[in-house]
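Please read them with the sequence and the coordinates open.

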Amino acid sequence: MIITGLEADGFKNLDSVKIFPDKRLNIFCGENAQGKTNLIEAIWLCSGCKSFRGTKDKDFVAFEREIAQLSLEFEDRRRKQDISVAMQKLSARDKNIFLNGVKQKLLSRLFGNLKCVIFTPADLELSKGSPENRRSFLDLCISQIKPAYRKVIEKYEALVFQRNSLLKNISSGISKENELEVWDEQLSRIGSYISVLRYNFTKKLNTYSKKLYKSISGKRRA
Ligand SMILES: Nc1ncnc2c1ncn2[C@@H]1O[C@H](COP(=O)(O)OP(=O)(O)OP(=O)(O)O)[C@@H](O)[C@H]1O
Ligand SMILES: [Mg+2]
């Protein structure tokens, strides 16, 4: 999958920017604060994800502007597609989003179309940080390949939340211990499905990373 064109206007400090990336490799160089990361953030947004640097919706729109507009064209072996996102400073949450000319209610509906992978210095936490980081990384990757997986994760999180509330109620004597069973049964069913998908994805990742590691380490083992 390659991006063939990106236009950004009024998006942070990107003012009438038009780029036509190379098919293979693109390197953006420039002064500090020139907008390199903003450009990557614009692309990332079109993948249907929240900002990787925690930008709030209203802060996407340039200081002196009312509207931010992004349009992006991309293609894979099967077809060409286009995405456009427009947002107003005063109601940045209600974005005008189109995928191939079809209006989408939410940014997350774009998920799974433009498949992106981001690696930022914060991602070093993936190896250094807590397992929670690794789980959410795996979940993000799997949902790009299998968009329905996102709903499964949301369901799992809701179940954990409900079970935790029940545990509190049990300890304060409002609920009975046998009420846990219904939540445990659902949690173990959905939880094992999630584990299997994470396991399979990790296995695939290992196959690729072994080859990559060999190519950069002069065949020495980790
Ligand atoms: N809403 C906004 N309107 C206008 N400019 C903005 C807005 N939000 C951020 N900026 C500007 O974007 C610039 C930062 O851009 P960005 O982080 O993309 O820079 P960069 O080229 O990646 O720099 P570095 O080399 O330091 O990483 C800053 O000048 C900041 O003032
Ligand atoms: Mg930067």
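1. A salt bridge is taken here as a side-chain nitrogen of Lys or Arg within 4 Å of a carboxyl oxygen of Asp or Glu. D59 and K58 meet that criterion, their closest N and O atoms being 3.4 Å apart. Both residues count as partly exposed, D59 at 38% relative accessibility and K58 at 48%. In this scheme buried means under 20% relative accessible area, exposed over 50%, and partly exposed in between, with a 1.4 Å probe and protein chains only.

2. On conventions: this is a predicted model, in which local features need pLDDT of at least 70 and side-chain atom pairs count only at pLDDT 80 or more, while totals for chains, interfaces and linings use all residues. Residues are numbered from 1 along each chain as its sequence is written, chains are lettered from A and ligands numbered from 1 in the order in which they are written, and side-chain values use heavy atoms, with hydrogens and water left out.

3. Overall make-up. The chain has five helices and six strands, arranged along the sequence as β-β-α-β-β-β-β-α-α-α-α. Helices (H or I, at least four residues) and strands (E, at least two) are DSSP runs, numbered from the N terminus. Along the principal axes, the C-alpha atoms fill a box of roughly 60 × 55 × 35 Å. Of the chain's 222 residues, 32% count as buried.

4. Pairing of β1. Two strands are said to pair if DSSP finds at least two bridges between them. Strand β1 (residues 2-9) runs antiparallel to strand β3 (residues 67-75), with seven bridges joining them; within this pairing, I3 stands opposite F74 in β3. Strand β1 also pairs with strand β2 (residues 17-19), again in the antiparallel sense, over three bridges. There, L6 has I19 of β2 opposite.

5. Strands β3 and β4 are antiparallel and joined by nine bridges, and they form a hairpin with four residues between them. F74, already named as the residue opposite I3, stands opposite Q81 in β4. Strand β4 in turn runs antiparallel to β5, with four bridges. The bridge partner of I83 in β5 is L99.

6. Salt bridges beyond the pair in point 1. A search of the whole structure finds nine salt bridges. One of them joins D57 to K95, with the closest N and O atoms 3.2 Å apart. Because D57 lies in the loop between α1 (36-46) and β3, and K95 in the loop between β4 (80-88) and β5 (96-99), this pair ties together parts that are 38 residues apart in sequence. Is K95 buried or exposed? K95 is buried, with a relative accessible area of 9%, whereas D57 is partly exposed at 26%.

7. Helix-to-helix link. D184 and R163 form a salt bridge whose closest N and O atoms are 2.5 Å apart. D184 is in helix α5 (residues 180-217) and R163 in helix α4 (residues 149-171), so the pair ties together parts 21 residues apart in sequence. Both count as partly exposed, D184 at 31% relative accessibility and R163 at 21%. Elsewhere, salt bridges that share partners join D9, D15 and R65 into one network.

8. Ligand 1. Which residues come nearest to ligand 1? Of the 15 residues around it, these are A33, K36, T37, N38 and R53; a residue is near if one of its heavy atoms lies within 4 Å. Oxygen atoms of ligand 1 lie 2.7 Å from a polar side-chain atom of K36, 2.8 Å from a side-chain N or O atom of R53 and 3.1 Å from a polar side-chain atom of N32. The protein covers 71% of the 660 Å² of accessible area that ligand 1 has on its own, by the Shrake-Rupley method with a 1.4 Å probe; for residues, only the protein chains shown count as cover.

9. Class of the ligand shell. The residues around ligand 1 divide into four nonpolar, six polar and five charged. Here Ala, Val, Leu, Ile, Met, Phe, Trp, Tyr, Cys and Pro count as nonpolar, Asp, Glu, Lys and Arg as charged, and the others, Gly among them, as polar.

Methods
Polar contact = N/O pair within 3.5 Å; in protein donor to acceptor, adjacent residues only side chain to side chain.
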